[in-house]
Amino acid sequence: MSPDFVNIYLMPGLFMLIHIGILVGAVLGGVAYLTYAERKVLGAMQRRQGPMTVGPFGLLQPIADGLKLLSKETIVPTQSNKPVFIIAPMLLFMLALVSWVVIPVDAKLVLADINVGILYLFAVSSMGVYGIIMAGWASNSKYAFLGAMRSASQMISYEVSMGLIIVNVLLVTGSLNLSEIVTADRPLWIQLLLFPMFIVFLISILAETNRAPFDLPEGESEITGGFMVEYSSMSFALFFLGEYANMILMSAITTVLFLGGWLPPFGIEALAFVPGIIWFVLKTCAVLFVFLWARATLPRYRYDQLMRLGWKVFLPFTLIWVVLVSGILVYTESLPK
Amino acid sequence: MVIKMIATAAFYLFSIILLLSALRVITASNAVHSVLFLILAFFNAAGLFVLLGAEFVAMILVIVYVGAVAVLFLFVVMMLDVDFQSLRQNAKSYIGGGLVFGGVMLLELITLYFAWADVQPTLVAEAAVVSDITNTEQIGQVLYTDYVYAFQLAGLILLVAMIGAIVLTHRRRADVRRQKVADQVYVKREDVLEIKEVKTGQGIS
């Protein structure tokens, strides 16, 4: 083995593996404690205590839940399409993890600093719908199928306006690279211009991750458990992990696109001594809190209302905003070079 | 050296999976499996594009074909009650046309293969013009300056197709009560609620 090989390939390769390990570990740990945070926040908003018995303040509750799911029996329905039935949760979970490679958690701290980072995110998230359709179809159950259909049409609908919102951000930053999107110069008037898009994006990610008030795909009162009704044990756990990992991912994307990523909030220079990753995590948690807050406060939408909001309100609004933003940028000659 | 080796290995991996899944698209007995293999094929084609350094094309391939077109495909195959077995029985009658079509495409590929030796040097010379502009930016500049009319025309054709699809499928049903959201929002308290003082023992007349 030549020293060149060690220096150029082996060491960076090992470093990358360690980086991936830390990233996956952090996301999974985040998922575990997001479920805990969700129950605690919901409890606080409903004047309950939430989990309290396992460990101090119930802090070990997620671990107990995970062990419980692992120890259950995996059931594959006899009438199901077995290969597809088993692949679907794996696909969903994998897609929830692979997006993280392009998320810059700090300056230079990103696994793959690719030029088309935002397109990559969009491509991966547009594939997420397959995990759900496959699960619904392979289960060979009408509830699962209805849930999958709902979920798929919902995700496709909101992806369109999310794409247009991203176009708005790209117009003012002039780059598809996520690190450059974070560091791009954003004067106050541009931030004000993007603020409505931020709100629409927040609502769209609720719909995109099938969370309340858009959680119709798993609306218990109508279609029992939705597309994952036939799943049990580990395959169910994969869906569960995938859903929560997606929530964290979407919050991270919101942080990168609108909240300035790892930079200190409101551009306060005095706070720059705090490591960027801490700001990133705090901002992501703030967006995640909105997810939980919305779940505790808002009743579920009716399906036609959901479609109306996506196609007749958000889509025209974001489209007009693209024209407006590009018009203003051209008129004031402040298009990024 | 090693990076070249990895790239070659990745190329063979992607192309083998691509070819196998393309084969499975036409041989799978279950139509949904066919579509799923088609998606796998698209995905591996995107991988090949990445290896070529065309990351923008790869991402667009995944977003447009995998994320949108194939989803609709899957919907149609799942929802429509098409009897694929009977379709398969009729497949023999198309075999002549299919062979001609495939033969022409094979011929074109072979021609391209032999012409490649002549074309390649000029292509390499052109590609060698190094600039610090990224691929994506380059495509945008070419598309929106040199070919802006063709690009807009393509957009208009898609618009016409979209309007056509809507006109063909839209039907106005008279028996459905439509909700007018604006009317619902503008309802005031006085319109729906009347407060009455109820005296004990008298009730409301």
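Throughout this tour a residue is called buried when its relative accessible area is under 20%, exposed when that area is over 50%, and partly exposed in between, with a 1.4 Å probe and protein chains only. The model is a predicted one, in which local features need pLDDT of at least 70 and side-chain atom pairs count only at pLDDT 80 or more, while totals for chains, interfaces and linings use all residues. Residues are numbered from 1 along each chain as its sequence is written, chains are lettered from A and ligands numbered from 1 in the order in which they are written, and side-chain values use heavy atoms, with hydrogens and water left out.

Arg47(A) counts as exposed because its relative accessibility is 81%, and its phi is positive, about 55 degrees, although the residue is not a glycine. Most residues other than glycine have a negative phi.

Next, select Glu38(A), which belongs to helix 1 of chain A and is buried, with a relative accessible area of 3%. Show its surroundings and, leaving aside neighbours within four places in sequence, you will find Glu38(A) in contact (heavy atoms within 4.5 Å) with Arg211(A), Tyr244(A), Leu292(A) and Arg295(A).

Then move to Asn177(A), in the loop between helix 5 and helix 6 (178-183) of chain A. Asn177(A) is buried, at 4% relative accessible area, and apart from neighbours within four places in sequence it is in contact with Asp113(A), Ile114(A) and Asn115(A).

**Where chain A meets chain B**

Now display both chains and select the contact between them, to which chain A gives 27 residues and chain B gives 27 residues. About 2300 Å² is buried between chain A and chain B, with carbon and sulfur atoms giving 79% of it; buried area here is the accessible area (1.4 Å probe) that two parts lose on being put together, summed over both. On the chain A side, pick out Tyr9(A), Tyr130(A) and Trp137(A), which lose the most area to chain B and together make up 25% of what that side buries.

Colour helix 1 (3-45), helix 4 (117-138), helix 5 (142-173) and helix 11 (303-331) of chain A, each of which supplies at least two residues of the side that touches chain B. Helix 4 of chain A gives the largest share of that side, 11 residues.

**Chain B**

Finally, turn to chain B, which is divided into domain 1 (1-81) and domain 2 (129-173), with bounds that come from an automatic or database domain assignment. The C-alpha centres of these two domains of chain B lie 23 Å apart. Select Val25(B), in helix 1 (residues 2-27) of chain B, which counts as partly exposed at 21% relative accessibility. Not counting residues up to four places away in sequence, Val25(B) touches Ser34(B), Phe37(B) and Leu38(B). To end, draw a C-alpha to C-alpha distance from Val25(B) to Leu168(B): these residues are 30 Å apart in space and 143 residues apart in sequence.

Note on methods:
Helix = DSSP H or I, 4+ residues; strand = E, 2+ residues; numbered from the N terminus.
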